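Here is a briefing on one chain, grouped by topic. Please look over the sequence and the 3D view before reading on.

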Amino acid sequence: MLNTIGLGVLGIDPITAVYMMSMRLRGEGKSRITLFSLSFAGSTILVGTVLAASMGAAAADALQSILPDDGSRFWAIAELAVSIIILIWVAKRVFAGPKREEKQPREIVRGSALGHVVMGFVFAVTSFTDPTFYAVMLIGGESRSVVTATLLLVLWFVVSQCLAMVVYVAVQCNRLDALAARLDEWKARNLESFDLVLHGVLIVVAILLTADATAYWLTGGYLL
């Protein structure tokens with residue numbers, strides 16, 4: 001269960017929360033947002049449970065046979081690649097100029113109920129590209145229990161979509177405007193400090209990955 005919670009944290013997705021906020025700003029009703037949410041959650045959990053029950057254990061065995069072992073040079077190359085990507089991303093964030101935000105008029109555009117159900121399924125399909133989804137699916141498949149696989153996927157979904165759930169509750173309680181105002185207030189006060197901490201943590205991670213990969217090339221063994 002702790003592994004599933006950790007994977008959920010790694011898979012936290014803000015995109016769904018932003019989309020749900022945009023739905024409300026477009027004038028969509030609470031029932032349409034509920035349709036989208038149920039379609040998204042139901043499709044993700046159902047497909048994951050079916051895959052876990054049908055081929056989860058076999059997929060886990062196949063994955064273990066395909067992945068490189070712990071001492072492979074593959075991990076050194078991967079660590080160097082990830083560290084380079086992190087440093088490039090941080091450099092772009094640090095040296096890029098401030099973006100100008102232009103306020104645009106709010107338009108009321110309501111979609112059909114079927115369209116929201118389909119969009120929920122589309123969002124579920126994007127979950128199938130998340131490595132943490134497959135990791136939880138494999139854990140559920142190894143348990144060889146449909147109930148356990150379902151519960152693990154539900155737990156993963158709740159954790160990874162915690163932001164979307166906060167937005168959903170705010171919409172249903174008519175508190176979305178208050179939530180947006182608090183987020184803007186927090187952003188104005190703490191965004192610069194948050195960016196500094198985030199960039200510092202990412203730079204430390206990049207340095208550790210580079211050191212680990214360098215140790216492999218020099219000694220043939222990893223530090224971490």
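**Aromatic pairs**

The chain has 11 aromatic pairs, where rings of Phe, Tyr and Trp (its six-membered ring) pair if their centres lie within 6.5 Å; planes under 30 degrees apart count as stacked, over 60 as edge-to-face and the rest as tilted. In one of them, the rings of Phe36 and Phe123 sit 5.2 Å apart, centre to centre, with planes at 90 degrees, so this pair is edge-to-face. Phe36 belongs to helix 3 (residues 30-66) and Phe123 to helix 5 (residues 113-127), so the pair ties together parts 87 residues apart in sequence. Helices (H or I, at least four residues) and strands (E, at least two) are DSSP runs, numbered from the N terminus.

- Phe36 and Phe123 are both buried; buried means under 20% relative accessible area, exposed over 50%, and partly exposed in between (1.4 Å probe, protein chains only).
- Tyr216 and Tyr222 form a stacked aromatic pair, with 4.8 Å between centres and 15 degrees between planes.
- Tyr216 is buried at 13% relative accessible area, whereas Tyr222 is partly exposed at 22%.
- One aromatic cluster is formed by Tyr19, Phe36, Phe40, Phe123 and Phe157.

**Basis of the model**

- This is a predicted model: local features need pLDDT of at least 70, side-chain atom pairs count only at pLDDT 80 or more, and totals for chains, interfaces and linings use all residues.
- Residues are numbered from 1 along each chain as its sequence is written, and side-chain values use heavy atoms, with hydrogens and water left out.

**Overall build**

- The chain has 9 helices and 0 strands.
- Its pattern along the sequence reads α-α-α-α-α-α-α-α-α.
- Of the 224 residues in the chain, 30% are buried.
- Contact means heavy atoms within 4.5 Å. Among contacts with a separation of 6 or more, 80% join residues 24 or more positions apart.

**Nonpolar core**

- The largest nonpolar core has 23 residues. Such a core is a set of buried Ala, Val, Leu, Ile, Met, Phe, Trp, Tyr and Cys residues joined through side-chain atoms within 4.5 Å.
- Met20, Phe36, Val136, Trp156, Phe157 and Val167 have the most contacts inside this core.
- Two or more residues each come from helix 2 (15-25), helix 3, helix 5, helix 6 (131-143), helix 7 (146-160) and helix 8 (162-172).
- Helix 3 gives the most, with 5 residues.
- Not counting residues up to four places away in sequence, Phe157 touches Phe40, Ala41, Thr44, Ile45 and Met165.

- Ser160 lies in helix 7 and is buried, at 1% relative accessible area.
- The Ser160 side chain reaches the backbone oxygen of Phe157 at 3.3 Å.
- Ser160 also contacts Gly8, Gly11, Ile12 and Asp13, leaving aside neighbours within four places in sequence.
- Asp195 lies in helix 9 (residues 176-219) and is buried, at 19% relative accessible area.
- The C-alpha atoms of Asp195 and Val94 are 9.0 Å apart, across 101 residues of chain.

**Cysteines**

- The chain has 0 disulfides; a disulfide is a pair of cysteine sulfur atoms within 2.5 Å.
- Cys162 is partly exposed at 29% relative accessibility.
- Cys173 is partly exposed at 47% relative accessible area.

How values were computed
Polar contact = N/O pair within 3.5 Å; in protein donor to acceptor, adjacent residues only side chain to side chain.
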